[in-house]
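Please read it with the structure open.

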Amino acid sequence: MPRHKEAHLIDRIGWLRASVLGANDGIVSTASLIVGVAAAQANPANVLLTGIAGLVAGAMSMAAGEYVSVSSQADTESADRAREKMELETIPEKEREELVGIYEARGLDRALAEQVADKLTAHDALATHLRDELGLATHMAARPVQAALASAASFAVGAALPLAMVPLSPAASLTWSVSIAALLFLALLGAIGAKAGGAPIGKAVLRVTFWGAFAMAATAAIGSLFGTSVA
């Protein structure tokens, strides 16, 4: 009979986290940058140039940051994997007892815990210890390149949304146009991310729009202050 295969939401966590983070940062940072510069009475051409520079710099920064961060995680996982492999080769009885203790703590009696430990060890000792002792599951494994590409691409897409509002909006209402559009984009992103991750949509939307509004209000206030002082 064919095996039943289930698709779990947790399997998406690697790329989903990086994508949502990148898109959210792209919208918030670029919109805030545009709003701040526009509030300082800069002309639309300079605002657009600033937004484009922010998109490129932000995407590269996100890619580099994610790659370095997740690579550090991958290095730690690799070191733990090597250590566990060495311990299985040198002190197998202690490792067996450790595994038995883990299963007993989960509710199995001693005899059954020993049977499970022996069966799983015979099947794949290293994978068993990595999963049950260290919590290193396949779907949670660090993937630096995937995280970097997902972050850079999602940041660029997110940043492009408020940036597209600059040439489409009258100079007099640029600040409000970009701010409102950015909040709508953030709300949509929050809903999509919550749907993909199986989380409550309302809570996710409120969270991203609140912090986005706060960031844009802060940069608009700073831009207005400098624009007034220059004038």
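**Notes on the predicted model**

1. Start with a salt bridge: the side chains of Asp132 and Arg106 pair at 3.6 Å, N to O. Asp132 belongs to helix H4, while Arg106 sits in the loop between H3 and H4, so the contact ties together parts that are 26 residues apart in sequence. Asp132 counts as buried, at 12% relative accessibility. Arg106 is exposed, with a relative accessible area of 54%. Keep in mind that this is a predicted model.

2. Asp132 has another partner. Arg131 meets Asp132 in a salt bridge of 3.3 Å, N to O. Arg131 is partly exposed, at 38% relative accessible area.

3. The whole structure holds seven salt bridges. In general, side chains of opposite charge can pair when their charged atoms come close.

4. Now the overall fold. The protein has seven helices and zero strands. Of its 231 residues, 33% count as buried.

5. Helix H2 deserves a look. H2 has 47 residues and reaches 68 Å from its first C-alpha to its last, close to the 69 Å expected at 1.5 Å a residue. Asn43 caps the N-terminal end of H2, with a side-chain oxygen 3.1 Å from the backbone nitrogen of Ala45.

6. There is a nonpolar surface patch of about 410 Å², made by Tyr67, Val68, Val145 and Leu149. Helix H2 (44-90) and helix H5 (144-168) each give two or more residues to the patch. Tyr67 is found in H2 and is partly exposed, at 42% relative accessible area.

7. A polar atom of the Ser154 side chain lies 2.6 Å from the backbone oxygen of Ala150.

8. Last, the annotation. An unreviewed UniProt entry lists residues 147-168, 174-192 and 204-226 under "transmembrane region". In the model, residues 147-168 are 100% helix, with end C-alpha atoms 33 Å apart. Residues 174-192 are also 100% helix, and their end C-alpha atoms lie 27 Å apart.

Conventions. Residues numbered from 1 in each chain as written. Predicted model: local features only at pLDDT ≥ 70, side-chain atom pairs only at ≥ 80, totals over all residues. Heavy atoms only, no water. UniProt positions renumbered as here; feature names shortened; annotations may be inferred. Helix = DSSP H or I, 4+ residues; strand = E, 2+ residues; numbered from the N terminus. Patch = residues over 30% accessible without salt bridge, like charges linked within 9 Å, V, L, I, M, F, W, Y side chains within 5 Å. Areas by Shrake-Rupley, 256 points an atom, 1.4 Å probe, with all protein chains shown as cover. Salt bridge = Lys/Arg side-chain N within 4 Å of Asp/Glu carboxyl O. Buried < 20%, exposed > 50% of the residue type's maximum accessible area, 1.4 Å probe, protein only. Expected span 1.5 Å × (residues − 1). Polar contact = N/O pair within 3.5 Å; in protein donor to acceptor, adjacent residues only side chain to side chain.
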